[in-house]
Amino acid sequence: MRRYGKHTDEDDVRIRPNRKGNRPRTNIRPKHEDAAEGFVLTIDRGRLTVLVEDHTITAMKARELGRKGVVVGDRVAVVGDLSGDKDTLARIVRVEERSSVLRRTADDDDPYERVVVANADQLAIVTALADPEPRPRLIDRCLVAAFDAGLEPLLVLTKSDLAPADEMLKTYEPLGVPYVVTSRDELADGDAADRVRERLTDRITVCVGHSGVGKTTLVNALVPDRQRATGLVNAVTGRGRHTTTSALALPLPDTKGWVIDTPGVRSFGLHHVDPARVIHAFPDLEPGTEGCPRACSHDEPDCALDQWVADGHAEPARLYSLRRLLATRERREGD
């Protein structure tokens with residue numbers, strides 16, 4: 001049955017209204033050329049604290065960004081209410097190109113990458129000399145991640161009042177990694193904070209370490225007016241308790257530098273790192289690979305690194321650490 005007559009006019013045709021509005025859908029997205037520039041300071045349950053000019057605002061990710069993630073350290077474009085007043089909310093409509101990305105996975109078998117921070121240029125690996133005991137393997141993994149991301153590493157050894165730093169420094173001396181040794185008394189009177197602050201000036205530095213090493217205590221000493229909660233080491237397990245639950249970027253007083261405090265990590269997986277690049281994190285060993293056979297795994301009888309270490313060019317512990325990392329990667333790839 002025909003709904004309209006033979007000589008219908010366009011005015012006779014009924015248009016079914018769009019339930020979502022009368023504006024037709026389009027793939028063309030606004031460019032937001034008038035958006036303000038912002039710097040992501042922290043994220044809490046989908047709400048982002050963003051620095052815009054000289055004040056902070058609360059924002060959320062715009063739907064048009066889709067699955068694109070936003071992390072601490074990102075430089076973003078924001079629109080909406082930028083006053084920062086209570087109960088106001090802006091929208092992040094664009095994430096600018098990142099200069100660096102620090103990633104990790106839960107372990108070497110986990111393909112899911114977790115972006116720790118964006119746009120940092122220095123990684124401070126914070127390790128206690130005692131209480132809890134230092135974990136050199138975790139330090140090595142952080143070094144691998146730093147070199148892979150293009151970040152300059154900085155080794156910060158805390159609690160030197162409980163144990164000497166000589167052995168640890170001897171292990172990492174061939175790497176040429178800059179370091180700062182601190183004690184709890186020095187942090188309290190400000191001397192240690194001043195030495196660390198010199199290394200952080202004019203940089204965006206992310207602090208990484210497992211729980212209980214004094215990472216947040218160090219950040220509190222660097223930025224006294226922004227005190228974060230700290231915790232004690234568990235007397236039974238020897239591990240620290242998580243007190244920092246989210247990453248937070250803080251400006252260093254009287255400098256142009258930033259320090260980013262992050263939650264303590266139990267592990268630092270390297271699933272995202274090509275095993276062939278792991279050797280780059282061991283500059284004391286890398287020259288010794290020139291004599292290796294083609295496609296050497298660096299853990300076979302003909303590997304030239306054994307002779308390189310035997311000749312005194314590097315510490316045996318460094319070769320052991322490299323091979324332990326590579327063995328972990330090989331087990332993952334063989335699964």
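**Asp-74**

I started with the side chain of Asp-74, which makes a polar contact with the side chain of Arg-98 at 2.7 Å. For my own use: a polar contact is a pair of N or O atoms within 3.5 Å, where within protein one must be able to donate a hydrogen and the other to accept it, and residues adjacent in sequence count only if both atoms are side-chain atoms. This is a predicted model, where local features need pLDDT of at least 70, side-chain atom pairs count only at pLDDT 80 or more, and totals for chains, interfaces and linings use all residues. Residues are numbered from 1 along each chain as its sequence is written, and side-chain values use heavy atoms, with hydrogens and water left out.

I found Asp-74 in the loop between β3 (55-61) and β4 (75-80). Helices (H or I, at least four residues) and strands (E, at least two) are DSSP runs, numbered from the N terminus. Is Asp-74 buried or exposed? Asp-74 is buried, because its relative accessible area is 0%; buried means under 20%, exposed over 50%, and partly exposed in between (1.4 Å probe, protein chains only).

I then listed what Asp-74 touches, leaving out residues up to four places away in sequence: Gly-38, Phe-39, Val-40, Gly-69, Val-95, Arg-98, Ala-118 and Asn-119. A contact here means heavy atoms within 4.5 Å.

Next I looked up Asp-261, which sits in strand β13 (residues 258-261). Asp-261 has 0% relative accessibility, so it counts as buried. I saw that its side chain is joined to that of Lys-215 by a polar contact of 3.5 Å.

Lys-215 took me to helix α5 (residues 215-222), where seven of the eight residues are buried. Among them are Lys-215, Thr-216, Leu-218 and Val-219.

**Thr-182**

I placed Thr-182 in the loop between β10 (179-181) and α3 (184-189). Thr-182 is another buried residue, with a relative accessible area of 0%. Beyond four places in sequence, Thr-182 touches residues including Leu-157, Lys-159, Leu-187 and Arg-195. I also checked Ala-128: it is 54 residues from Thr-182 along the chain, and their C-alpha atoms are separated by 9.3 Å.

**The cavity**

How many cavities of 30 Å³ or more does a search of the whole structure find? I got one. A cavity is a set of points on a 1 Å grid over the protein atoms alone where a 1.4 Å probe fits but cannot get out, and lining residues have an atom within 4 Å of a point. The largest cavity holds about 40 Å³ of space.

Its lining is Ile-125, Val-126, Thr-127, Arg-135, Leu-138, Ile-139, Cys-142, Gly-209 and His-210. The elements that give two or more residues to this lining are β8 (122-128) and α1 (136-149). I sorted the lining by class and got five nonpolar, three polar and one charged residues. In this scheme Ala, Val, Leu, Ile, Met, Phe, Trp, Tyr, Cys and Pro are nonpolar, Asp, Glu, Lys and Arg are charged, and the others, Gly among them, are polar.

**Whole chain**

I noted seven helices and 13 strands. Of the 335 residues, 45% count as buried.

Last, I checked pLDDT, the predictor's confidence in each residue, from 0 to 100. The chain averages 85, and 83% of the residues score at least 70. Over residues 229-242 the pLDDT stays under 50, and the model has 28 contacts beyond four places in sequence for them.

Terms used. 1 Å grid on protein atoms, 1.4 Å probe; cavity = no way out; pocket = protein on both sides within 12 Å on 5 of 7 lines; lining within 4 Å. Points joined across faces, edges and corners; volume = space filled by probe spheres on them.
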